[in-house]
Amino acid sequence: THYRLLPYYLFYTVVIILIVNTPFFWDKDVIISKRSFWFVENKFSLNLPNSFDNGYAPVLSLLLASLWKIFGKSLLLGHLIMLPFAIGIIYQFYRFLFYLSDNKRFINLTLILLLVDTTMLSQIVVVSNDLLLVFFFFLSLNAILYRKRKWLYASLLLLSLSHMRGVMACMIIFLFEISVIFKTTKNFAAGLRKLMTIIPPYLPAAIIFFAYQIYHYLQTGWIITHANSPWIGCFEPVDFKGFIFNMGILVWRLFDFGRISFWIVLFIFTLLVVKGKINSDSKINTLAILILISSLV
């Protein structure tokens, strides 16, 4: 498997090597760089200044600060710690595709789509929490699909720590697993009994998340956001006109990033399945459930 994936690994490796001198910028400068400097210069105190505290556990900044403490501050280290996650995403995505089909052409073409996707490429070239989020999401998903449940304890915990969106991703995984249970069990009572058995791997992630939020509240007096946050605008409610405007921005981004083609293909494929022109097997149904839950959450 790794031999077949070597060209894909090399592609992301070359991309990262080419950009090792690219500086932190935009929100990564605030979220990653400034916090890493704070940890190095303040004996890894978690009492971050409000100006760059965004309310969730700063795991990636702590990792980078630890490496800076050992090897000295450099852009190179920031970019290199992205490489294992970039390669890991390729492998986990391959495993997910292989679950759906063992057709080599399908797998290779889809992996190429992943490699050239503008959003993935943009996250590869910066020091990004979102790369961790994608890796641990697919690791968790594959743990369920391949019935490797012991992996879930670590993957869900690290997914919840990757980003506040990682907590939402844990919810997606949980709802997905619930849907799979009720899809494969004969009656509701049996589904409920099985549901109780899947909860344990989610508990460490939930406990650590809420423990950090309680600690954070006791230290700062706020959770999630605060009045002086650089991201406060993201939390402001909008009226109907603002909602329409935001939907327009979303559609613009879908076109701008080429994602609109994926949604068009998905829409056509869904119509063909509904009309019975394509046979919908259990794996296609599983994929459809995942897409639906992810979109709703």
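## Basis

The model is predicted: local features need pLDDT of at least 70, side-chain atom pairs count only at pLDDT 80 or more, and totals for chains, interfaces and linings use all residues. Residues are numbered from 1 along each chain as its sequence is written, and side-chain values use heavy atoms, with hydrogens and water left out.

Helices (H or I, at least four residues) and strands (E, at least two) are DSSP runs, numbered from the N terminus.

## Helix packing

Two packed helices are described by the angle between their axes and the distance between the axes. Here axes are lines fitted to C-alpha atoms, for helices over the stretch in contact, and angles run from 0 to 180 degrees between N-to-C directions. Angles under 35 degrees count as roughly parallel, over 145 as roughly antiparallel, 65 to 115 as roughly perpendicular and the rest as oblique.

Helix α9 (residues 150-162) packs against α10 at about 140°, the axes being 6 Å apart. α9 is therefore oblique to α10. From α9, Leu152, Leu156, Leu159, Ser160 and Ser162 are in contact (heavy atoms within 4.5 Å) with Gly166, Val167, Ala169, Cys170, Ile173 and Glu177 of α10. By class, this contact has seven nonpolar, three polar and one charged residues; Ala, Val, Leu, Ile, Met, Phe, Trp, Tyr, Cys and Pro count as nonpolar, Asp, Glu, Lys and Arg as charged, and the others, Gly among them, as polar.

Helix α5 (residues 83-100) and α15 cross at roughly 135°, and their axes come within 9 Å. This pair is therefore oblique as well. Phe96, Tyr99 and Leu100 of α5 make the contact with Lys283, Leu287 and Leu290 of α15. Five of these residues are nonpolar, none polar and one charged.

## Salt bridges

A salt bridge is a side-chain nitrogen of Lys or Arg within 4 Å of a carboxyl oxygen of Asp or Glu. The count by this rule is four. One of the four joins lysine 28 and aspartate 130, at 3.7 Å from N to O. Lysine 28 belongs to helix α2 (residues 27-41) and aspartate 130 to helix α8, so the pair ties together parts that are 102 residues apart in sequence.

## Pocket and cavities

On a 1 Å grid over the protein atoms alone, a cavity is a set of points where a 1.4 Å probe fits but cannot get out, and a pocket is an open set with protein on both sides within 12 Å along at least five of seven lines; lining residues have an atom within 4 Å of a point. Grid points are joined across faces, edges and corners, and a volume is the space filled by probe spheres set on the points.

The second largest pocket has a volume of about 390 Å³. Its lining has 15 residues, of which Ile144, Arg147, Val180, Thr184 and Lys194 are the closest to the centre. α8 (129-145), α10 (164-184), α11 (188-198) and α15 (282-296) each give two or more residues, and α10 gives the most, with five.

Tyr56, Ala57, Ser160, Leu161, Ile208, Phe209, Tyr212 and Gln213 line the largest cavity. α12 gives the most to this lining, with four residues.
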